[in-house]
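This briefing is for a reader who is new to the structure.

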Number of protein chains: 2
Amino acid sequence: MASPAQAKSELDRALAGDVRALARLLSLVEDDAPTVRSVIRDLLPQTGRARIIGLTGAPGVGKSTMTGALVGAFRAAGRRVAVLAVDPTSPFTGGALLGDRIRMQEHATDEAVFIRSMASRGHLGGLAAATPQAIRILDAAGFEFIIIETVGVGQAEVAIASLADSVVVLLAPGMGDAVQAAKAGILEVADLFVVNKADQPGVQQVVRDVRTMLALGTTEPGGWKPPVITAVARRGPQDEGIAELVTRLDAHWDWLCSSGELKRRRHARAREEITALAFAALRGRLAASGLEELAARVADATLDPFQAAEDILAEHQP
Amino acid sequence: MASPAQAKSELDRALAGDVRALARLLSLVEDDAPTVRSVIRDLLPQTGRARIIGLTGAPGVGKSTMTGALVGAFRAAGRRVAVLAVDPTSPFTGGALLGDRIRMQEHATDEAVFIRSMASRGHLGGLAAATPQAIRILDAAGFEFIIIETVGVGQAEVAIASLADSVVVLLAPGMGDAVQAAKAGILEVADLFVVNKADQPGVQQVVRDVRTMLALGTTEPGGWKPPVITAVARRGPQDEGIAELVTRLDAHWDWLCSSGELKRRRHARAREEITALAFAALRGRLAASGLEELAARVADATLDPFQAAEDILAEHQP
C-alpha cells in the first residue's frame, strides 16, 4: 500500500467496518509511513466522537484482565470498543515482552471489539507520536470507547496516559507501586484509582496510601477529586468493582463535558502534539545548521551550551 | 546572590574548596537561576577532567549503599569524589520520597567527599537540563569522580544515566527488575551490571536473565561487552564485589579513552544538550507564533496536526 490513492481506498474500507483494512492502517501508523499524513487528513471530519480511556499501572497489577472486564461491561451496554495496548518496549528486546497480551481472547470473535498491540520499533519517543494517529483512526472507524492500556509507570506511560480523556491508574496490594507511581508522576494525571486484587491482604493499606498522597494535592472548587475504588477483575463485567468503575467513568465524562475540562484537555493535547511534530522536523534542520561543529566545541569545553543554543537558533531567525 | 559579580566571587570560593559556596552554586542550578549561565561560562576552562559514573536501578536494590561503598573505595585510593543523587520526584509529592538519602553519613565529615541531592522542583524535564550544569560545577571544583545516582528505571533515569561516561545498572534478586529495566530502555545505556544482594537466593537467575538479554544485542568488534558482576554492598570498600566493580570501571574508562568512545559520547551529549536548550527557547517563541489558534483548530478536528506543525515552522523560516 504505497500510494495515497491506495491508502484512501483502504481508509474507506476501514471506515466501512473492514477490520483487516483497519489493522493495515494502524500498521502504517506504527511504521511511521509517509502516507499516514494524508490518511489522517482524510478521516479528520469523522473524528472527535470517541471517549478515550487510559489504563495504566505497574506490571502484575492485572491491567489486561481489567481491560477485558471493562470491554465486557461496555459490550454488555451495546457499545463498540477498541483497545490499544501500548508497550514502550525497549528497542533492545524488541517485542519479546509482549507475552501477556492475548488474555482478552474471549472478545476476539466479537466484531464490535477491536484489540491491537502497538510496540515501539524505533526511538523511545515514537509511540507517543504514533498513538494520537492510531486514536484518530479508531475514532473515525466508529469505536465509541477507546481504551489505551500502557504497561509500566514510567514517564513514557505518563505521556501516553495524557492522551486519554479519563486516566485510570491500577494498583494492587503488596507491590509498593503507589510510591513508584508517585515518583513517575502518574498520580498527577490520574482521574480514577482502582486497587485491584482486593481479595488479597493489604488492600486497605494501598487505599489509605493513595488517599494520603491525594490529600497532599489540592482540588480547586468545582474540580475533580479522583475516587479510589477497589476491584477484583477476573474475567468479565460481573467482576467485583467493574460496575462501579463504569459508573465513575461516566461521572468523570459528565464532569469533563460540563466543566469545560474536556475542551481544555483536548486543546492542551493538540498543543503538545503540534509542538512535538514541529520539534521533530526542527531536529533535522538543526543538524543541517552546524550543530555538529557547535557540539564539538561544547564537548571540548571551548563554548558554553547556552551560547551554542543561541547560535543555532540565530540561524533560524532572520 | 543576585548579580553575576556576586556569583563570580562565589565561584572563586567554590573552586578554592569552600563547600558551602559550592552548595550555593548547585542551588542556583537547581533553581534554574539566570546567573547560572555566566557561572558556567566562567568555569568552563576548568572542566573536562572528572570521570562521571552513573548508577541506577529500581528502588530497593541498594543504590545508596552501593554508592557509599564506591565512595569508600575511591577515598581509600585517595581520590576526591562527589555524589549527585538525582530524584525525578513528582511535583505532586515534592521531596517527600527522598528519605533514604542520608545513609552515606559516614562520609559526611570527609572534605574530599561532596554529597548532594537534587530533586525536580518544576517540570519533569528540568532535572535532565540541570544535571549537566551541576556536573560542570563539580568537575571544575576538582572532584575526580562524580557519581550520579538516580532512583528508578524510567525514561527520566535513562536520560540522566546517558550523561555519565560509565553507566552502572544495579539489580537485585526477586524484584523482576531486569524485565522492568529492559522495558525502560536502561539496558541499552548500561556499561556494567551489578547484581547486588548476592547473599540472597535467586542471584544466579538474575545473572542469567541479564546475560540472556545481553546476548540478544550485538557487540561490534572492538566494542564493549558489559560485564555482569555480583556484589553484597553493606557499608564500605571491603564489601564483596566492590573491588571488582572498581577494576571493571577502570577497564571501562581505559576502553572509553583508547577507543575514541569517550569523545563520541561527550560529543553526543553536547549535541543533545544544545538541542534541548534550543527547543526550550523555541517553546516560548512558538507560543508567540499563533500556537494556541492552531491548537484550537487541531482540537476541533478542522486542521490536521502535521499541517499545523508546518504552519508554525513556516513562521520561523524566512
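Ala301(B) is found in the loop that joins α12 (291–299) and α13 (305–314) of chain B; helices here (H or I, at least four residues) and strands (E, at least two) are DSSP runs, numbered from the N terminus. The phi of Ala301(B) is near 60°, a positive value in a residue other than glycine. The model is a predicted one, in which local features need pLDDT of at least 70, side-chain atom pairs count only at pLDDT 80 or more, and totals for chains, interfaces and linings use all residues. Residues are numbered from 1 along each chain as its sequence is written, while chains are lettered from A and ligands numbered from 1 in the order in which they are written.

**Positive phi in loops**
- Ala301(B) is partly exposed, with 19 other C-beta atoms within 10 Å; a residue is buried if 20 or more other C-beta atoms lie within 10 Å of its own, exposed if 12 or fewer, and partly exposed in between, with C-beta atoms placed from the backbone.
- Asp32(B) lies in the loop between α2 (19–30) and α3 (36–43) of chain B, and its phi is near 55°, a positive value in a residue other than glycine.
- Asp32(B) is partly exposed, with 13 other C-beta atoms within 10 Å.
- In chain A, Asp32(A) follows α2(A) and has a positive phi, near 55°.

**Confidence**
- The predictor gives the complex an ipTM of 0.84 and a pTM of 0.74.
- Chain A has a mean pLDDT (the predictor's confidence in each residue, from 0 to 100) of 83, and 83% of its residues reach 70 or more.
- Within chain A, confidence is lowest in helix α7 (residues 177–184), at a mean of 58, and highest in helix α10 (residues 242–259), at 97.
- Residues 90–103 of chain A have a pLDDT below 50, and beyond near neighbours in sequence this stretch has 33 contacts in the model; two residues are in contact if their C-beta atoms, placed from the backbone, lie within 7 Å.
- Where pLDDT is low, the predicted coordinates should not be read in detail.

**Chain A overall**
- Chain A has 13 helices and 7 strands, and 49% of its 318 residues count as buried.
- Of the contacts in chain A with a separation of 6 or more, 75% are between residues 24 or more positions apart.

**Domains of chain A**
- The domain assignment, which is automatic or from a database, gives domain 1 (1–45) and domain 2 (47–259) in chain A.
- The contact between them takes 14 residues from domain 1 and 13 residues from domain 2.
- On the side of domain 1 that touches domain 2, α1 (4–15), α2 (19–30) and α3 (36–43) of chain A each supply at least two residues.
- α2(A) gives the most to that side, with 7 residues.

**Helix α2(A)**
- α2(A) has 12 residues and reaches 16 Å from its first C-alpha to its last, close to the 16 Å expected at 1.5 Å a residue; the expected span is 1.5 Å times one less than the number of residues.
- The buried residues of α2(A) are Leu22(A), Leu25(A), Leu26(A), Leu28(A), Val29(A) and Glu30(A).

**Strand β1(B)**
- Strand β1 (residues 51–57) of chain B is mostly covered, with 7 of its 7 residues buried.
- β1(B) pairs with strand β5 (residues 166–171) of chain B in the parallel sense over 4 bridges; strands pair if DSSP finds at least two bridges between them.
- Leu55(B) has Val168(B) as its bridge partner in β5(B).
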